[in-house]
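Please load the model in your viewer and keep the selection tool at hand. The stops below go from one selection to the next.

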Amino acid sequence: MQAKLGEIARIIARAAELAGDEGKAIIWFKHQPLPGFGKTAEELVEDGHADSVIQDLDRMAAGVYS
């Protein structure tokens with residue numbers, strides 16, 4: 001449980017950097033399916049794929065969109 005909370009906090013912080021707002025990042029995390037995955041970031045973390053979400057955020061930061 002503690003590890004997942006750490007992953008969630010890391011993902012939301014990274015998404016907030018990109019979105020410019022923590023509230024927007026939380027909405028994205030819970031509601032926006034990631035292209036290529038068909039699941040939200042929240043669902044992917046629940047399934048044990050937090051690293052995939054971070055990699056997707058890193059690609060977005062680099063200007064690569066799926």
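**First stop: α1 and α4**

Helices α1 and α4 are roughly parallel to each other, a term that applies to angles under 35 degrees. This is a predicted model, in which local features need pLDDT of at least 70 and side-chain atom pairs count only at pLDDT 80 or more, while totals for chains, interfaces and linings use all residues. Residues are numbered from 1 along each chain as its sequence is written, and side-chain values use heavy atoms, with hydrogens and water left out.

Select residues 2-19 for α1 and residues 50-61 for α4, and you have two helices that pack at an angle of about 15 degrees with their axes 10 Å apart. Helices here are DSSP runs (H or I, at least four residues), numbered from the N terminus; axes are lines fitted to C-alpha atoms over the stretch in contact, and angles run from 0 to 180 degrees between N-to-C directions. The crossing of α1 and α4 is left-handed, that is, the near helix is turned anticlockwise from the far one by less than a right angle.

Now show side chains: on α1, Glu7, Arg10, Ile11, Arg14, Ala15 and Leu18 meet a set in α4 that includes Val53, Ile54, Leu57 and Asp58, where contact means heavy atoms within 4.5 Å. The residues of this contact comprise nine nonpolar, no polar and five charged.

**Second stop: α1 and α2**

Keep α1 and turn to α2: their axes come within 8 Å and cross at roughly 120 degrees, which makes α1 oblique to α2. The crossing of α1 past α2 is right-handed. Ile8, Ile11, Ile12, Ala15, Ala16 and Ala19 in α1 meet Glu22, Lys24, Ala25, Ile26, Trp28 and Phe29 in α2, a contact with ten nonpolar, no polar and two charged residues.

Select residues 22-31 and colour Ala25, Trp28 and Phe29, the buried residues of α2; buried means under 20% relative accessible area and exposed over 50%, with a 1.4 Å probe and protein chains only. They cover an arc of only 100 degrees around the axis and therefore lie on the same side of α2, the arc being that of the directions from the helix axis to the C-beta atoms. These buried residues pack against α1, α3 (41-46) and α4, whereas the face turned away from them carries the exposed residues Lys24, Ile27 and His31.

**Last stop: Thr40**

Finally, select Thr40, in the loop between α2 and α3. Is Thr40 buried or exposed? Thr40 counts as buried, at 7% relative accessibility. Leaving aside neighbours within four places in sequence, Thr40 is in contact with Phe29, Lys30, His31, Gln32, Pro33 and Leu34.

Notes. Parallel < 35°, antiparallel > 145°, perpendicular 65-115°, else oblique. Nonpolar A, V, L, I, M, F, W, Y, C, P; charged D, E, K, R; others polar.
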